[in-house]
Amino acid sequence: MSKFDILFKSIKEKAKVVDEVIFELLPEKEPKELYGATRHYPLAGGKRVRPFVVLTAAEAVGGDWKKALYPAAAIEILHTYTLIHDDIMDMDETRRGRPTVHKVWGINMAILAGDLMYSVVFDAATKAPVRAEKIVEIVRAIARAGIEICEGQALDLEFETREIVTIDEYLRMIDGKTAALFDASAKIGGIIGTDNQEYIQALSRYGRNVGLAFQVWDDVLDLIADEEKLGKPVGSDIRKGKKTLIVAHFFQHASEDDKAEFLKVFGKYAGDVKGRGIIEEDIREEVRKAIELLKKYGSIEYASRFAKDLVKEAKEALKILPESEARKNLELLADFVVEREY
C-alpha cells in the first residue's frame with residue numbers, strides 16, 4: 001500500500017463533486033459549438049489537483065470545504081482556459097489524448113471559448129456562501145493569479161527567441177505561469193475557511209512553493225522518467241529547445257565546448273520531423289548524449305534538489321496550522337509532487 005493512497009482517495013472524492021459544479025457552470029446549451037468547446041477538456045478528465053488544494057485548504061483551517069466548491073470549480077476552469085490558449089500559441093494538436101480545442105472547433109471558436117470560461121470564473125467565484133468582503137478577496141486573488149499567468153506566459157514566449165535564460169529568469173517565469181495558480185488555490189481555501197490572516201498567508205506560501213516544485217519536477221521527469229509512464233519520449237524538452245531550470249544551470253556552469261555541443265541538439269527537433277528523413281533512433285542517440293552533458297555538470301541533480309527543497313519549505317509553512325487529516329493531505333500532496341514518476 002502506498003503512503004499516498006489516502007491522498008488519492010480524497011482527491012478522487014473531491015474531484016467528483018467539483019466536476020458536478022464545473023458542468024453546472026459549463027452546461028450543454030446553445031450555441032452548441034461554443035459550449036462544446038468549453039466542456040472538451042473537462043470531459044477528458046484530469047486529476048483536479050488545484051481545486052483539491054482549494055477545498056482541503058479550507059478544511060485545514062477549520063472551515064467547511066463545501067463552501068469552497070464554486071471557487072474550486074472556478075480555479076479549475078481558469079486553469080483549463082489557460083490550456084486552450086496555450087495550445088493555440090504552441091499550435092499543439094493533442095491534449096489528454098484528445099485533439100486540442102482549436103483543432104476541433106477552429107482558432108476563433110477556441111479563443112471565444114476561453115473568453116467565455118474566463119467570464120464564468122468570476123461568476124462562479126461570487127457564488128461562494130461567505131461574507132461579501134471575502135468574495136472581494138477571492139475575486140482579487142483570482143484576478144492577481146490571472147495577471148501573473150499572463151506575465152509568465154509572455155516570458156515563456158520571449159524565451160523561445162533566446163539561446164540562454166538565467167536561473168533567476170526561469171524561476172520568475174514559472175512563478176507566474178505555474179506557481180501563481182497554486183498560490184491562489186491555497187489562499188482562496190484559507191479565505192473561505194478562516195479569518196486568521198497568519199493561516200491564510202501560510203497557505204499562500206505553501207501553494208507558491210508547491211507550484212514551483214511541481215514545474216521543476218516536471219523538468220526533471222522529462223529527462224529521467226520511464227517513457228511509458230511519462231507518455232512521451234524522454235528528452236522532449238531538449239528536442240523542442242525548451243528552457244528549463246536544468247538547462248539554465250547547465251549554461252551557467254558548462255565549458256564553451258560543451259555548450260556548443262549541447263546546442264547542436266537543443267531545439268533541433270522542434271515541430272514535426274516527418275518528411276525530413278530523420279530516423280527516430282538517431283534522434284534518441286543525440287538526445288541521450290545531450291542528457292549526458294547535463295548530468296556531467298550536475299544540472300539534473302541540482303533541479304531535483306531544488307524541487308525537494310521547495311517542498312520542505314511548503315510543508316514548513318503548514319506547521320502553523322492545527323494538526324488534522326486535511327493538513328496531512330496537503331503535506332502528502334507536497335511530497336507526491338517530487339515523488340511522482342509521471
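Arg208 sits in helix H9 (residues 197–224); helices are DSSP runs (H or I) of at least four residues, strands (E) of at least two, numbered from the N terminus. The model is predicted, so local features need pLDDT of at least 70 and side-chain atom pairs pLDDT 80 or more, while totals for chains, interfaces and linings use all residues. Residues are numbered from 1 along each chain as its sequence is written, and side-chain values use heavy atoms, without hydrogens and water.

**Arg208**
- Arg208 is buried at 17% relative accessible area (buried is under 20%, exposed over 50%, partly exposed in between; 1.4 Å probe, protein chains only).
- Beyond neighbours within four places in sequence, Arg208 contacts Glu148, Asp175, Ala179, Ala180 and Asp183 (contact: heavy atoms within 4.5 Å).

**Helix packing**
- Helix H2 (residues 32–43) packs on helix H4 (residues 69–90) at about 105°, with the axes 10 Å apart; axes are lines fitted to C-alpha atoms, for helices over the stretch in contact, and angles run from 0 to 180 degrees between N-to-C directions.
- The contact is made by Ala37, Tyr41 and Pro42 of H2 with Thr80, Leu83, Ile84 and Asp87 of H4.

**Backbone**
- Most residues other than glycine have a negative phi, and most peptide bonds are trans.
- The peptide bond from Glu30 to Pro31 is cis, with omega near -5°, and Pro31 lies in the loop between helix H1 (5–25) and H2.
- Met91, in the loop between H4 and strand E1 (94–95), has a positive phi near 55° and is partly exposed at 48%.
- Arg96, in the loop between E1 and strand E2 (98–99), has a positive phi near 55° and is partly exposed at 32%.
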